[in-house]
Amino acid sequence: MKELLVILAQLESLLASGEAIALATVVHVDGSAYRRPGARMLIDSNGNWWGGISGGCLEGDLLKKAQLAMHQQAIKRITYDTREDDPFQLGIGLGCQGLIEIVIDPIRANIERTFTLVKSIVESGKPQFIQTVWNDTEFSIQALEDAFPGWNEASQTFTEYLPARTRIWVVGNQFDACSLIELCLTLAWEVHWVGNTNKMRKDVQQRVRACYDWDQVHGLQPSDCLVLMTHDFDRDVSFMNQYIADQSFQYIGILGPSKRFDRLKKQLQHNLVSDISTPVGLDIGAEGPDEIAIAVVAEILAHQNKRDGQRLKFRSTTIH
């Protein structure tokens, strides 16, 4: 999501300037590849680019092809095959062993329509499918409520799933809350901060989406993630009774040992609907606020992606 937000911001500037641009999109991957379908790379006429379609090994060649596409004002369909050690195929000796298909679109009207739709979906805060068609006679792009993602070679149609931007509520204003917020901001998550606003770091306050005093929280949604790190038992009890009990959320984590949570549950006035992660975070031996923040964010990502947080070397099925 962070890369997509960077591309959207740059696109807004480039579209306003009138400069020639091209937008490359990974539409199909077979085998191992650093990026998955939906990865994008924005290129301008000066050879600058944002985003990427690989781990850095294919971008140089794609840049040349994008410049040609801009010059000819023609959509290009590019295939990189790194599955075999073919000395005549770009990619020999690269780390990945896969086939990557990419569409390069230099047509300004197409890019404008893509920008408008994708930006509106991101700002809506709701996940959606996007279906894009590039063929010899037309370009079309639309949002769909439900679809099957993938690339249809015959119709030149790419359907992708665009997840909602992660919204996280960090509850507490101690210094460890700032470490978690900083990491979430690095990932371009939408951060809402709850606590004593008079005691919150001012520089951090300016960078989050919104700040709330303890009893003035509003706008919570079932798709939100919440992390309670108040270091105050009574405050946790009050917050849970007021905002969490009988409510369903994507993820809830609470700092502190299991025995503390057992005591906390006895103080609740309503039932817990959501599963609670406590002690919060993955078991990585985290020590100190920055490492704990990594453990917490890693657990949220594992939960969102339906993974168990084990080492990839022990995964019996494919990574993606």
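How many disulfides does a search of the whole structure find? The search finds 0. Keep in mind that this is a predicted model. The tour starts with the cysteines.

**Stop 1: the cysteines**

Select Cys 211 and Cys 178. The closest cysteine sulfur to that of Cys 211 is in Cys 178, 10 Å away, which is too far for a bond. A disulfide would need the two sulfur atoms within 2.5 Å.

Now select Cys 225 and Cys 184. The sulfur of Cys 225 has its closest cysteine sulfur in Cys 184, at 8.8 Å, so this pair is also too far for a bond. Cys 225 counts as buried, because its relative accessibility is 0%.

**Stop 2: helices α1 and α3**

Select residues 2-17 for α1 and residues 108-124 for α3. Their axes come within 10 Å and cross at roughly 135 degrees. The two helices are therefore oblique to each other. The crossing of α1 past α3 is left-handed.

Show side chains next. On α1, the contact is made by Leu 4, Leu 5, Leu 8, Leu 11, Glu 12, Leu 14 and Leu 15. On α3, the partners are Arg 108, Ile 111, Glu 112, Phe 115, Val 118, Lys 119 and Val 122. Colour by class: the contact of α1 with α3 has 10 nonpolar residues, 4 charged ones and no polar ones.

**Stop 3**

Most residues other than glycine have a negative phi.

Select Gln 156. Gln 156 is not a glycine, yet its phi is positive, at about 55 degrees. Look for Gln 156 in the loop between β8 (150-152) and β9 (157-162). Is Gln 156 buried or exposed? Gln 156 counts as buried, because its relative accessibility is 9%.

Move to Ala 188. Its phi is near 65 degrees, again a positive value in a residue other than glycine. Ala 188 lies in the loop that runs between α4 (175-186) and β11 (190-194). With 10% relative accessibility, Ala 188 counts as buried.

**Stop 4: a cis peptide bond**

Most peptide bonds are trans. Which residues does a cis peptide bond join here? Select Thr 278 and Pro 279: the cis bond joins these two, with omega about 0 degrees. Pro 279 is in the loop between β15 (276-277) and α8 (288-304). Display the backbone there to see the bond.

How values were computed. Residues numbered from 1 in each chain as written. Predicted model: local features only at pLDDT ≥ 70, side-chain atom pairs only at ≥ 80, totals over all residues. Heavy atoms only, no water. Axes fitted to C-alpha atoms, helices over the stretch in contact; angles between N-to-C directions. Helix = DSSP H or I, 4+ residues; strand = E, 2+ residues; numbered from the N terminus. Parallel < 35°, antiparallel > 145°, perpendicular 65-115°, else oblique. Left-handed = near helix turned anticlockwise from the far one by under 90°. Contact = heavy atoms within 4.5 Å. Nonpolar A, V, L, I, M, F, W, Y, C, P; charged D, E, K, R; others polar. Buried < 20%, exposed > 50% of the residue type's maximum accessible area, 1.4 Å probe, protein only.
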